[in-house]
Amino acid sequence: MDRETLDFSTAFFQDFENSPEDFPGDRVDFIDKSDSFTYSQFFRDYLLPNRPCVFSAEFTKDWSSRKFWVTQDGKPNLERLLQEFQGAAPVPVANCDRREYNSHPKELLPFPEFVEYWREFISNGHRSSRGCLYLKDWHLSRAFPEREFYSIPVYFSSDWLNEYWDAVGADDFRFVYMGPKGSWTPFHADVFRSYSWSANVCGRKRWLLYPPGEERFLTDIHGNLPFDLTAPEFRDPRIYPRSGRARAPLEIIQEAGEIVFVPSGWHHQVHNLEDTISINHNWLNGCSVGRMWRFLREELGAVRRELSRWHGPDRHDPLQCQLLLKSCTGIDFPEFYNFLRLLAESRLALLENRECSSWENSPGSATGLGTPQNSQSSVPALETPQNSQGSVPTLGTPQNSQKSVLSLNSQSSVPTLETPQNSQESVPMLETPQNSQSSVPTLGIPQNSQNSVPALEIPQNSQGSVSTLETPQNSQKSVPSLETPQNSRGSIPTLETPQNSQSSVPTLGIPQNSQNSVPSLETLQNSQNSVSGLEIPQNSQSSVPTLETPQNSRSSVPSQNSQSSVPSQHSRGSVPALGIPDAVFDLQRLAAVLRSFIANREFQRLPAPSPPPPELLRRLEKALDTALLGIPHSRHSRDSQDSQFPEEFGKSRPS
């Protein structure tokens, strides 16, 4: 997200509950290509106005599930599925031929039993005495966290919902659906008024959608929404007196491989036209958090009205109301505050470490890429050798380099450099371990010297690295020690050499209490005061050594210039590695909801959480004031190529 998009979104949300709906009639935008459709375009054209769209099968062509779960003729590969998930825990299966309140009743079945049922159902002409069974809401990624069945498209990676529930370890909203032709889901809106995206691994679906607000014409005489839009009774004015005033639903036929984006609060009903497997996520972010907050208030109002019928007005316990709210929706006001707080702390941490992020994204970049779930930092990690027992990264010296790291008048290897604990300086100090077995010469210190650190004498004409180390005999003047303090926030790396190291290349140590988990490496080619003298390969196109992320690294930042729709991340999703403008947008929305939350009368009647909401709000506002001043305007305006919806992507297709 660039500064212009941030300004546009800020103006869009004059009120935090702003939710204008643009009913697209009987047509829906079809996004055909993935190589130049950017996150910013999706953000402006679909997330902000809350409009649906369909992504082509190109966006899922590299998924392993599309390669291995599907036969050559496009049918579900039941043999492969049975082989792959033979040991799975029992799966939730709904009976689409029965109704229980406003949903289909569910039972848990062993996965092999469901697959065997599916085979028989197909062989019997898609009929069974057991009814039409539909495997729904299977937390497959949580059950098999080591497997990668799919990758989350970049457009859906700013996922607050799963970011929070992953952090607290309570749940997730990532599901797999498998069902035969004829299976379906009743008319509903997604949990918390969240977004959803649904990708067909194989098969075809028919979607019927209504935007928020239209449901007022769809209720029966008791105020209940219909269970089945296609049922004959829905057209009976005696049961649904206002259904004639409702528009026709937006209809989408979803083909194999395609992804349907369902906006926040859109009610929908889905029918499987063929034997189908799909992957589905519920998610939300700053664009829809206002709707979530409004939904919770409306649900709490319904709880209070119901209690008033039995206990009289205003004679209900606030804690009891919250308990009932959570039983109905899965979340109450205290947990909603924790949700806001966790997201706010994450974005504040990003702004506080903004020197590790890019202030500007290149034009057309796809921002919002995800990082591994356990990521605790947005700083790129230095590569650690596979057999290393520590987390200290190693900087290698190019093979063809003829220069040592520090030029010493010695025929030995590089001296060891240690960091004293109480040092207040920011330059590494030179010491030699007592029991060192290396060939580093001992740097002698005169007995009468008042300084325990050898002085570094630099030749007058030297413009490069330190070449000569000398120690004046009777020096009483302290030479600045080369140290890095424990709590240093600086970017000069400390250098250490392991005792048994057989290499002449120093490793980079990181102070224990350092608030920067990775040392900042500056460009060395043009430096005239290089202390470490890091060699750059001759053919390198960059003046900074390449930084790679080890397999088990807990810190990673993907490329912000990537145009790919399939970021390199685990299928379960992740905390998004947002750019600074994205984090600022998130904090703006969080602050807006917090202001309303603090003023809410029902919230004020509950025990005060920690930290107090006003204190958290002050931190957000202070961070926003600072961050907004630091975000430059992009060189590319809203009328640039990044802002235009390319002609080949704007194709709308009839239903």
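This is a predicted model: local features need pLDDT of at least 70, side-chain atom pairs count only at pLDDT 80 or more; totals for chains, interfaces and linings use all residues.

**Entry: a serine in a loop.** With those terms I placed serine 264 in the loop between strand S11 (259-262) and strand S12 (267-272). Is serine 264 buried or exposed? I found a relative accessibility of 0%, and since buried means under 20%, serine 264 counts as buried. Leaving out residues up to four places away in sequence, I listed what serine 264 touches: Asn50, Arg193, Ser194, Tyr195, Pro212, Ser288 and Arg291.

**Entry: H1 and H2.** I then turned to helix H1 (residues 3-12) and helix H2 (residues 39-47), which pack at an angle of about 15° with their axes 11 Å apart. Angles under 35 degrees count as roughly parallel, and I therefore recorded H1 and H2 as roughly parallel to each other. H1 passes H2 in a left-handed crossing. On the H1 side I noted Thr5, Phe8 and Ser9, and on the H2 side Ser40, Phe43 and Arg44. By class, the residues of this contact between H1 and H2 are two nonpolar, three polar and one charged.

**Entry: H8 and H9.** For helix H8 (residues 289-311) and helix H9 (residues 318-329) I read a packing angle of about 120° and an axis separation of 9 Å, which makes H8 oblique to H9. The crossing of H8 past H9 is right-handed. H8 brings Phe295, Leu296, Glu299, Leu300, Val303, Arg304 and Leu307 to the contact, while H9 brings Cys321, Gln322, Leu324, Leu325 and Thr329. I sorted the residues of the contact of H8 with H9 into eight nonpolar, two polar and two charged.

**Entry: H10 and H11.** How are helix H10 (residues 333-352) and helix H11 (residues 580-599) packed? I found an angle of about 150° between them, with the axes 9 Å apart, and because angles over 145 degrees count as roughly antiparallel, H10 is roughly antiparallel to H11. H10 passes H11 in a left-handed crossing. Among the H10 residues that meet H11 I wrote down Phe333, Phe336, Tyr337 and Arg347, and among those of H11, Ile580, Asp586, Leu590 and Phe597. The residues of the contact of H10 with H11 divide into 17 nonpolar, no polar and two charged.

**Entry: two partly exposed residues.** Arginine 80 sits in helix H4 and is partly exposed, with a relative accessible area of 30%. Its C-alpha atom is separated by 7.2 Å from that of phenylalanine 68, 12 residues apart along the chain. Glutamine 86 I placed in the loop between helix H4 (78-84) and strand S3 (91-95), and at 48% relative accessibility glutamine 86 counts as partly exposed. From glutamine 86 to proline 110 I noted 24 residues in sequence and 8.9 Å in space, C-alpha to C-alpha.

**Entry: cysteines.** How many disulfides does a search of the whole structure find? The search returned zero disulfides. I also looked up two cysteines: cysteine 53 is buried at a relative accessible area of 0%, and cysteine 202 counts as buried at 1% relative accessibility.

Methods: Residues are numbered from 1 along each chain as its sequence is written. Side-chain values use heavy atoms; hydrogens and water are left out. A disulfide is a pair of cysteine sulfur atoms within 2.5 Å. Buried means under 20% relative accessible area, exposed over 50%, partly exposed in between (1.4 Å probe, protein chains only). Axes are lines fitted to C-alpha atoms, for helices over the stretch in contact, and angles run from 0 to 180 degrees between N-to-C directions. Helices (H or I, at least four residues) and strands (E, at least two) are DSSP runs, numbered from the N terminus. Angles under 35 degrees count as roughly parallel, over 145 as roughly antiparallel, 65 to 115 as roughly perpendicular and the rest as oblique. A crossing is left-handed if the near helix is turned anticlockwise from the far one by less than a right angle, and right-handed if clockwise. Contact means heavy atoms within 4.5 Å. Ala, Val, Leu, Ile, Met, Phe, Trp, Tyr, Cys and Pro count as nonpolar, Asp, Glu, Lys and Arg as charged, and the others, Gly among them, as polar.
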